[in-house]
Amino acid sequence: MPWSYGVGKITTSDGVEGLATFWASRSGAVTDAYLKDVIAPVILGRNISDREKIWHDFWNIDRHGAFFPVFLPGPIDVALWDAAAKTAELPLHRFIGSYRTKLPVYASSLWLETVEEYVEEALKYQAKGFKAYKIHPCGPSEMDMEIHAAVRAAVGDEMILMSDPVAEYSLSEAIKVARQLEQLNFRWFEEPFRDYELDKYAKLTAATDIEIVGTETTRGGPWGIAQAIKSDAVNTVRADVSWKAGITGTLKSCHLAEAHGMNCELHTTTMGPMDMANVHVSCAVRNCDYFELFVPEETFQAPMKQSYYEFIDDNGDIHAPERPGLGIDIDWDLVDANCVSHNSFKRSK
């Protein structure tokens, strides 16, 4: 199935450009229409320093009938932060306020068809120097458990492993899988249910010792995450700059989790420029341990001109770019060669 994304650029009155990409999934036309009819009128003529007010304006518009997809309008917020950091001539993580400059990477699988494919992929990234690998097992739960056991046996005890079935397990299935993962010394068990099934999550979290991770797709940004925390549904929450209302929303989510003694592990955006925004945010907070790299990574770094490996060292750590803003470039030739729709919006005089 073809996969669409949008590339956006805002330009300030001083000529500074802020960049972002839009996760468009199965229809770029939906994203295109929102940008034209709803988002552009909100931001044109606004000051890039008014990010907090713009962020809240979007939430008010969302509630009053726009009902944005979860992947909008986060990229607009990213572009505003990018332009503001460039104006300040600072890398984005330093503009926010740095805690560190790098963090470990985990390779994150797609849904593969056989046990052997997972084993082969885990060993491949272990050989590249990665210290962690996350399995997206293909189901059903019995197959998932076979995959877990085979990958652990192949990589040995030292490699950190996680499991994220993106599943519709029953509660009893989830408890059974969680207990296996405890025995195999997996780091966490992620999204065995839909994110809104808070009661099932709370029962699973109470019944098992492994770290239970959720809220990746929870609506409502930090407010949605707050309900999961209040319900004791998870041990660790998820956010990212695409699906949790931009850098502003992701920082709020991280700080909310920190106030409750929890990690907020950032979720891949599946787009190079937005993934690098994730890196900057992760380096500006304390309570995120890893960077998620969806693999095969060559598929997901577009339309960023740089390779992820320009930022990943031999120890499997990813470093935040030190150029102003996001610190990356868009491959505009690639964009132009594949563009199916182009719009330009200007402030009315």
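**Exercise 1. Describe the second largest pocket of this predicted model by its volume, its central residues and the elements that line it.**

Solution. Begin with the volume, which for the second largest pocket is about 720 Å³. Next, turn to the lining, where 26 residues take part and where Trp-3, Trp-23, Trp-111, Thr-270 and Phe-294 are the closest to the centre of the pocket. Then assign the lining to elements: E1, E2 and strand E10 (291-294) each give two or more residues, and the largest share, three residues, comes from E2.

**Exercise 2. Determine how many cavities of 30 Å³ or more the structure holds, and characterise the lining of the largest cavity.**

Solution. The count is one cavity of 30 Å³ or more, and the volume of the largest cavity is about 30 Å³. Its lining consists of Asp-195, Leu-198, Tyr-201, Gly-214, Thr-215, Thr-218, Ala-228, Ala-233 and Val-234. Classified by type, the residues lining the largest cavity are five nonpolar, three polar and one charged.

**Exercise 3. Trace helix H1, stating where the helix is kinked, which of its residues are buried and what covers them.**

Solution. Helix H1 spans residues 28-43 and has a kink of about 45 degrees centred on Leu-35. After H1 comes Gly-45, which has a positive phi near 85 degrees.

Note on methods:
Residues are numbered from 1 along each chain as its sequence is written. This is a predicted model: local features need pLDDT of at least 70, side-chain atom pairs count only at pLDDT 80 or more; totals for chains, interfaces and linings use all residues. Side-chain values use heavy atoms; hydrogens and water are left out. The bend at a residue is the angle between axes fitted to the seven residues ending there and the seven starting there. Helices (H or I, at least four residues) and strands (E, at least two) are DSSP runs, numbered from the N terminus. Buried means under 20% relative accessible area, exposed over 50%, partly exposed in between (1.4 Å probe, protein chains only). Contact means heavy atoms within 4.5 Å. On a 1 Å grid over the protein atoms alone, a cavity is a set of points where a 1.4 Å probe fits but cannot get out, and a pocket is an open set with protein on both sides within 12 Å along at least five of seven lines; lining residues have an atom within 4 Å of a point. Grid points are joined across faces, edges and corners, and a volume is the space filled by probe spheres set on the points. Ala, Val, Leu, Ile, Met, Phe, Trp, Tyr, Cys and Pro count as nonpolar, Asp, Glu, Lys and Arg as charged, and the others, Gly among them, as polar.
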